[in-house]
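Dear colleague,

Please find the structure below, with the sequence alongside. My notes on what was found in it follow.

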Amino acid sequence: LKLQFLYLIAVPPGCPVTPRTMAMAARLLALLWYVHAAACASSLATALTVKVPANDGVCFYEKARMEGERGYLHFQVATGGRQDVDVEILAPDGESVWDGSVLTEEKVLFNAPMEGVYQFCFSNKMSTRTQKTVAFDIAIGDPTDDDEGKAPHDAIEKSIIRLTEGLNEVKMEQMYVATRERIHRKTAESTASRVFWSSVLEAAMLLTMGGCQIYYLRKQFETKRYV
């Protein structure tokens, strides 16, 4: 049924069925399948999360093929403690390209100063007990650039890659919104729990004080008889 539906999309009713029409329909179906596969692959590739242990850090690596390529980092601390980490981007020579301390969420764009492998490090050394969960996405370079030793992409392939980039951005925005909603819900639940227990404690204190006052007043007006 799916193939019949796609065939009806590729070849509208009333269109004459010719070898050329069939070839165009087959190519369109192949492109639709490629876009679907790229979307599935992008959803697996971009939705990255890592657990950063307490008093420790983790690093990820991405290669720049030439000087001046654009780099991208987007991260957000989903759970753990005050939901903050230290982040640093290191060039192949060990120099710091960008760094930030006690951050919850950030988007970073930079130009690679040299060719080589770059490190994207998340540090949780400020915490001695709490593990942090970080959702992130990293990339260097333009995926539409021609690879070394390969034939240039045609216009359709570049359009598909651009579409995949758009799907990646939508996926990241959805993950960002879901993470923010989870953080706010957790904060609201924690606040509601504190308000509830403070109200219970206040009620218990009022009952205790009322009982003490009643006992004290009864003692004051109690008549003592001496035999």
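The protein chain contains 3 helices and 8 strands, where helices (H or I, at least four residues) and strands (E, at least two) are DSSP runs, numbered from the N terminus. Read from the N terminus, the order of elements is α-α-β-β-β-β-β-β-β-β-α.

This is a predicted model, in which local features need pLDDT of at least 70 and side-chain atom pairs count only at pLDDT 80 or more, while totals for chains, interfaces and linings use all residues. Residues are numbered from 1 along each chain as its sequence is written, and side-chain values use heavy atoms, with hydrogens and water left out.

Overall figures

Of the 227 residues in the protein chain, 25% are buried; buried means under 20% relative accessible area, exposed over 50%, and partly exposed in between (1.4 Å probe, protein chains only). The chain exposes about 16000 Å², and carbon and sulfur atoms supply 60% of that area. Accessible areas come from the Shrake-Rupley method with a 1.4 Å probe; for residues, only the protein chains shown count as cover. Among contacts (heavy atoms within 4.5 Å) with a separation of 6 or more, 72% are between residues 24 or more positions apart.

Four strands form an open sheet in the order E1-E8-E3-E6, with antiparallel pairing; two strands pair if DSSP finds at least two bridges between them. Strand E1 (48-52) and strand E6 (105-111) are at the edges and have a single partner strand each, so one side of each has no neighbour in the sheet. From one strand to the next, the twist averages 25 degrees. Between E1 and strand E8 (residues 132-140) there are 5 bridges, in the antiparallel sense. Within this part of the sheet, Lys51 stands opposite Thr133 in E8.

Helix H3 (residues 155-220) packs on the sheet, where it touches strand E3 (70-79), E6 and E8, and its direction makes about 25 degrees with that of E3. For these angles, axes are lines fitted to C-alpha atoms, for helices over the stretch in contact, and angles run from 0 to 180 degrees between N-to-C directions. H3 has 66 residues and spans 97 Å from its first C-alpha to its last, close to the expected 98 Å at 1.5 Å a residue; the expected span is 1.5 Å times one less than the number of residues. Its buried residues are Ile160, Ile161, Thr164, Asn168, Met172, Met175, Thr179 and Ile183. An α-helix has 3.6 residues a turn, so residues three or four places apart point the same way.

The disulfide

The search of the whole structure found 1 disulfide, defined as a pair of cysteine sulfur atoms within 2.5 Å. The partners are Cys59 and Cys121, with their sulfur atoms 2.1 Å apart. Cys59 is in strand E2 and Cys121 in strand E7 (residues 116-123), so the link ties together parts 62 residues apart in sequence. The angle about the S-S bond is 110 degrees, and the link is right-handed. Cys59 is partly exposed at 32% relative accessible area, whereas Cys121 is buried at 13%. Cys212 is partly exposed, at 49% relative accessibility.

Gly68

Gly68 is in the loop between strand E2 (57-64) and E3, and is partly exposed with a relative accessible area of 44%. Leaving aside residues up to four places away in sequence, Gly68 touches Asn111 and Ala112. Gly68 and Ala112 are 44 residues apart in sequence, yet 4.9 Å apart in space, C-alpha to C-alpha.

Regards
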